[in-house]
Amino acid sequence: MSETQTQPPSHGKTALKLVGVVVTMGALAWAAVPFYDWFCRVTGFGGTTNTAETGSDVILDRTIKIKFDASLERDMPWQFKPTVHEVEIRIGETGLAFYEAHNPTDVPVAGSASYNVAPFNAGGYFTKIDCFCFEEQVLMPGETVLMPVTFFVDPEIVDDAEAAANSHITLSYTFYEIDMPEPAETAAYLPAVDPAPQPQSYN
């Protein structure tokens, strides 16, 4: 009587399948990061802000308080703080605020700022026109700089019942250290700000 022999599994095919699974999962994970960032920027999910090239052409009589917060990642040697902790502006009005950064060390230090808006439901309505966080920053030894952020609160916030209930919005920045750019590029990262900026009146 003949016996049916079972072919042993091919280890080569099994390994190839596993490699395919790993590559596919890696590709999905890689794609998820920019997609999530895009999703947050479009929807304001997670407190991500919007950007615009110009200010709003609609300014409402209603005002809202903007609070400013600053922090540093562990091992970041800078000193970092907002020059003003709170302002009150009209919704749609262009606001200007400054953060101060100081490098107390005896070596150049490069940094980049991550940011967040709270409450999260206001993120989609907080719009930045210009911001130091758009570029990497380099501070020379002992250097102190004032870094501006220009912004407005989109008037459409009043049509969002949940977001419109907020009495204030908090803008938070966290600076973390990054690798120094090439020497020839360092000058391009230095913040171009007015050395004696004038305080803005929000009347």
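The count of salt bridges here comes to 2, where a salt bridge is a side-chain nitrogen of Lys or Arg within 4 Å of a carboxyl oxygen of Asp or Glu. This is a predicted model, in which local features need pLDDT of at least 70, side-chain atom pairs count only at pLDDT 80 or more, and totals for chains, interfaces and linings use all residues. Residues are numbered from 1 along each chain as its sequence is written, and side-chain values use heavy atoms, with hydrogens and water left out.

Some background on the pairs. Side chains of opposite charge can pair when their charged atoms come close.

Take K65 and E86. Their closest N and O atoms are 3.9 Å apart, in a salt bridge. K65 sits in strand 2 and E86 in strand 4, so the pair links distant parts of the chain, 21 residues apart. Strands are DSSP runs of E, at least two residues, and helices are runs of H or I, at least four, numbered from the N terminus. K65 has a relative accessible area of 35% and is partly exposed; E86, at 38%, is also partly exposed. The cut-offs are under 20% for buried, over 50% for exposed, and partly exposed in between, with a 1.4 Å probe and protein chains only.

Next, E93 and R90. Their side chains form a salt bridge at 3.8 Å, N to O. The E93 side chain also reaches the backbone nitrogen of R90, at 2.9 Å. That is a polar contact: a pair of N or O atoms within 3.5 Å, where within protein one must be able to donate a hydrogen and the other to accept it, and residues adjacent in sequence count only if both atoms are side-chain atoms. Where is E93? In the loop between strand 4 (86–90) and strand 5 (95–102). Is E93 buried or exposed? E93 counts as buried because its relative accessibility is 10%, while R90, at 30%, is partly exposed.

Now the interior. A nonpolar core is a set of buried Ala, Val, Leu, Ile, Met, Phe, Trp, Tyr and Cys residues joined through side-chain atoms within 4.5 Å. The largest one has 33 residues, and I66, F132, I169 and Y173 touch the most other members. Among the elements giving it two or more residues are strand 2, strand 6 and strand 10. Strand 9 gives the largest share, 5 residues.

Finally, A164, in helix 2. A164 is buried because its relative accessibility is 14%. Apart from residues up to four places away in sequence, A164 touches R62, I157 and V158, a contact being heavy atoms within 4.5 Å.
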